[in-house]
Amino acid sequence: MNDKLKNIIVIVTFITIIFGMLFLNIIKKDEQISITERRKLATFPSFTAEKLIKRRLCN
């Protein structure tokens with residue numbers, strides 16, 4: 001094999017791993033409890049168009 005083909009194989013493998021991890025994290029269910037911190041994790045506030053218009057996203 002020549003060097004150009006080896007480089008292409010390494011790049012494609014690297015990109016596949018990176019995007020694979022991205023997609024796995026997107027489809028993975030959010031955790032409810034932190035095992036290492038021994039506590040329940042906070043959730044994101046609910047999002048509605050009304051809150052966006054009235055600028056009350058964090059309340």
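A patch is built from residues with over 30% relative accessible area and no salt bridge, and nonpolar side chains are joined within 5 Å. The legends below describe a predicted model.

**View 1. A nonpolar surface patch covers about 1,300 Å².** Its members are Ile-11, Phe-14, Ile-15, Ile-17, Ile-18, Phe-19, Met-21, Leu-22, Phe-23, Leu-24, Ile-26 and Ile-27. One of them, Leu-22, sits in helix α1, residues 3–27. Leu-22 is partly exposed because its relative accessible area, 42%, falls between the 20% and 50% cut-offs.

**View 2. Ser-34 lies in strand β1, residues 33–34.** Ser-34 has a relative accessible area of 10%, so this residue counts as buried. Beyond its neighbours within four places in sequence, Ser-34 touches Arg-39 and Leu-41. Ile-11 is 23 residues from Ser-34 in sequence, and their C-alpha atoms are 35 Å apart.

**View 3. Two helices and two strands make up the secondary structure of the protein.** Along the sequence the order is α-β-β-α. The C-alpha trace spans about 60 × 35 × 15 Å along its principal axes. The radius of gyration is 21 Å, whereas a compact globule of 59 residues would have one near 10 Å. Buried residues are 2% of the 59. The protein exposes about 6,300 Å², with 66% supplied by carbon and sulfur atoms.

**View 4. Mean pLDDT among the elements is highest in helix α1, at 95.** Helix α2, residues 49–54, has the lowest mean, 75. For the protein, the mean is 84, and 92% of residues reach 70 or more. Where pLDDT is low, predicted coordinates should not be read in detail.

Key. Residues numbered from 1 in each chain as written. Predicted model: local features only at pLDDT ≥ 70, side-chain atom pairs only at ≥ 80, totals over all residues. Heavy atoms only, no water. Helix = DSSP H or I, 4+ residues; strand = E, 2+ residues; numbered from the N terminus. Buried < 20%, exposed > 50% of the residue type's maximum accessible area, 1.4 Å probe, protein only. Contact = heavy atoms within 4.5 Å. Patch = residues over 30% accessible without salt bridge, like charges linked within 9 Å, V, L, I, M, F, W, Y side chains within 5 Å. Areas by Shrake-Rupley, 256 points an atom, 1.4 Å probe, with all protein chains shown as cover. Salt bridge = Lys/Arg side-chain N within 4 Å of Asp/Glu carboxyl O. pLDDT = per-residue confidence, 0-100. Rg over C-alpha atoms; globule rule 2.2 N^0.38 Å.
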